[in-house]
Amino acid sequence: MSKQKNKVPLKTKLIVILLPMSIGLGVSLFVKYKILLPVSISNGYMEPTLKKGDTAYFNRFYRKSQLGIGDIVLVVSPLDPNSYVIARIIGKAGDSISVQKRMVFRNGAILDPTLFPEPQTQLIALIPQGKTEHDDMKEVSVPEKSFFVLADNRENGVDSRTLGPIQESQIYAVLW
């Protein structure tokens, strides 16, 4: 007695193998290019958190209500809609923000210094003309539906001190 083998057609085999693979590939490409946004860091504004030349992944799907103090965000520049700024949120609507001798004050209380990582070396390579190592800022009140952001490397960074408070609509993504 011989057993008869049921032959599965090649077309069915290909569908069983290729369909799940193509669905998986499609989902992974969607996540990589529509949800997670890879950004190459082109400057040292966020050093030592994000170093020049590194790639950081930002989440494009987030809730504005979940943004908190200390979150790193990718912001559309108010000066040039084709450029972006990476900075850390330090103030929400209604907060009063000031900077004195590298200390950040939020509503009169000092913000936790561990929020801003210090560089390994205390040498600041280049301080822009007109700024000092302890670039102070008078108290500013954050308007409704806005955030106040600061770069970790405040001596060199571009942030709300020069751009002003950032509107909710200008926040493009949050660091993953």
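The paragraphs below go through this structure from the whole chain down to single residues.

The model is predicted. The chain has 176 residues, and 34% of them are buried. Its secondary structure comes to two helices and eleven strands. Along the sequence, these elements follow the pattern α-β-β-β-β-β-β-β-β-β-α-β-β. Among the contacts with a separation of 6 or more, 59% are between residues 24 or more positions apart. The chain exposes about 11,600 Å², and carbon and sulfur atoms supply 58% of that area.

Helix α1 covers residues 10–35. An unreviewed UniProt entry lists residues 12–31 under "transmembrane region". A nonpolar surface patch of about 620 Å² is made by Leu-10, Leu-14, Val-16, Ile-17, Leu-18 and Met-21. Leu-18, which lies in α1, counts as partly exposed because its relative accessibility is 47%, a value between the 20% and 50% limits for that class.

Next come the strands. Strand β1 (residues 36–40) and strand β2 (residues 55–59) run antiparallel and are joined by five bridges. One of the residue pairs here is Val-39 with its bridge partner Ala-56 in β2. The loop between β1 and β2 contains Pro-48. The peptide bond from Glu-47 to Pro-48 is cis, with omega near 5°. Strand β2 also pairs with strand β11 (residues 171–175), in the antiparallel sense and over two bridges. Here the bridge partner of Asn-59 is Val-174 in β11.

Another group of strands forms an open sheet. It has four strands in the order β7-β6-β5-β8, and the pairing is antiparallel. Strands β7 (109–110) and β8 (137–141) each have a single partner strand, so they stand at the edges and one side of each has no neighbour in the sheet. For β8, the partner is strand β5 (residues 96–100), and three bridges join the two. Ile-97, for example, has Val-140 in β8 as its bridge partner.

Which residues does Val-104 touch, apart from its neighbours within four places in sequence? Val-104 belongs to strand β6 (residues 103–106). Its contacts are Ile-90, Ile-97, Ser-98, Val-99, Ala-109, Ile-110, Leu-111, Phe-116, Leu-150 and Arg-154. Val-104 and Ile-90 are 14 residues apart in sequence, and their C-alpha atoms are 8.5 Å apart in space. Val-104 is classed as buried because its relative accessible area is 3%, and buried means under 20%.

Two residues in loops have a backbone angle to note. Asn-107 lies in the loop between β6 and β7. Its phi is near 55°, a positive value in a residue other than glycine. Asn-107 is partly exposed, with a relative accessible area of 45%. Lys-145 is in the loop between β8 and β9 (146–150). Lys-145 is not a glycine either, yet its phi is positive, at about 55°. Is Lys-145 buried or exposed? Lys-145 counts as exposed because its relative accessibility is 57%, and exposed means over 50%.

Methods:
Residues are numbered from 1 along each chain as its sequence is written. This is a predicted model: local features need pLDDT of at least 70, side-chain atom pairs count only at pLDDT 80 or more; totals for chains, interfaces and linings use all residues. Side-chain values use heavy atoms; hydrogens and water are left out. Patches are made of residues with over 30% relative accessible area and no salt bridge: like charges are joined within 9 Å, nonpolar side chains (Val, Leu, Ile, Met, Phe, Trp, Tyr) within 5 Å. Accessible areas come from the Shrake-Rupley method with a 1.4 Å probe; for residues, only the protein chains shown count as cover. A salt bridge is a side-chain nitrogen of Lys or Arg within 4 Å of a carboxyl oxygen of Asp or Glu. Buried means under 20% relative accessible area, exposed over 50%, partly exposed in between (1.4 Å probe, protein chains only). Two strands pair if DSSP finds at least two bridges between them. UniProt positions are given in the numbering used here, feature names are shortened, and annotations may be inferred rather than shown by experiment. Contact means heavy atoms within 4.5 Å.
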